[in-house]
Amino acid sequence: MKLNNGVEIPDIGYGVYEIPPKITKECVLTALKIGYRHIDTAAYYKNEREVGEATRESGIPRNEIFVTTKICLAGNYQKACKKIEDCLARLGLDYIDLLLYHWPSGKNVEVYKAMEDYYKKGKIRAIGLSNFYGKKLDEILANCEIVPAVNQIETHVLRNQKEEQALLESKGIVLESWSPLGNGSKKIFNNEILLKIAAKHQKTVAQVSLRYLYQRKVLIIPRSKNEGRMRENFNILDFMLDEEDIKEIETLDRKKSLLGWL
Ligand code: NAD
């Protein structure tokens, strides 16, 4: 997918939240072997170092791997600059492909200004937000020089964010889904409608859930430590949900958080 500054981002990424640092390098190398070229980490996940190692040691040219990281609790301009430097150092990379402000906190406009300055210096190829809604989002849009490329928010079949996506798109911002599988919720994996649609296409519930977002041009970053599931989540391009499937899936939208995090 093309972001609002022309930078291309692979639409299926690999998320590493809750992947212990001890096994992160191995997991990322497996993901890269399968074909993933987009890795989503964060300072908060404490595994940036291992993501950087895998990226550098994979043998794949740096410019073919898209690395997202996130800063959090940055507070103000100065602290944000320090946090960005720390991310670059931990990753051991010359640049970050996408940097997000993980959730609103402190002086958001100042933090965003620091991100803009690192973008202008060529240290970050695209900048964006995560978990920004309503007034918090408006405040950035009213004060920014560079429109955020992405807003990464909770999005899956039980919270499909269609209205939020339309709003973001009207501002030139791409919707990126966090927890595209609802963090592994049984409410998704045991859902009868999803099981029926999966059987109809001879696919799994995970593949149907991810394909639904993919067809809506939502960026997805599913996470798994299991190679078979990593493959399963990546292989969603050889089937298509029809209008009837989509209508049924959209009856599942609860219009509220499933996870209650942010
Ligand atoms: P997810 O929605 O990707 O679900 C992962 C869970 O589903 C795991 O328990 C995994 O074992 C299970 N699973 C994965 N593939 C499966 C399959 N094919 N069959 C059966 N079970 C399967 O979970 P997530 O990690 O919460 O979200 C994905 C990524 O989004 C994260 O790793 C992280 O990068 C990002 N994220 C960002 C934020 C944010 O605030 N910006 C918050 C949460 C997650």
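Modeller: Tyr-101 has Leu-129 of S5 as its bridge partner. This is a predicted model, in which local features need pLDDT of at least 70, side-chain atom pairs count only at pLDDT 80 or more, and totals for chains, interfaces and linings use all residues. Residues are numbered from 1 along each chain as its sequence is written, and side-chain values use heavy atoms, with hydrogens and water left out.

Strand S4 (residues 96-101) pairs with strand S5 (residues 124-130) in the parallel sense, over 5 bridges. Two strands pair if DSSP finds at least two bridges between them; strands (E, at least two residues) and helices (H or I, at least four) are DSSP runs, numbered from the N terminus. The open sheet has 8 strands in the order S1-S2-S3-S4-S5-S6-S7-S8, with parallel pairing. Strands S1 (14-15) and S8 (219-220) are at the edges with a single partner strand each, so one side of each has no neighbour in the sheet.

Helix H4 (residues 108-120) packs against helix H5 (residues 134-143) at an angle of about 50 degrees, their axes 10 Å apart. Axes are lines fitted to C-alpha atoms, for helices over the stretch in contact, and angles run from 0 to 180 degrees between N-to-C directions. H4 is therefore oblique to H5: angles under 35 degrees count as roughly parallel, over 145 as roughly antiparallel, 65 to 115 as roughly perpendicular and the rest as oblique. Asn-108, Val-109 and Tyr-112 of H4 make the contact with Lys-136, Glu-139, Ile-140 and Asn-143 of H5, where contact means heavy atoms within 4.5 Å.
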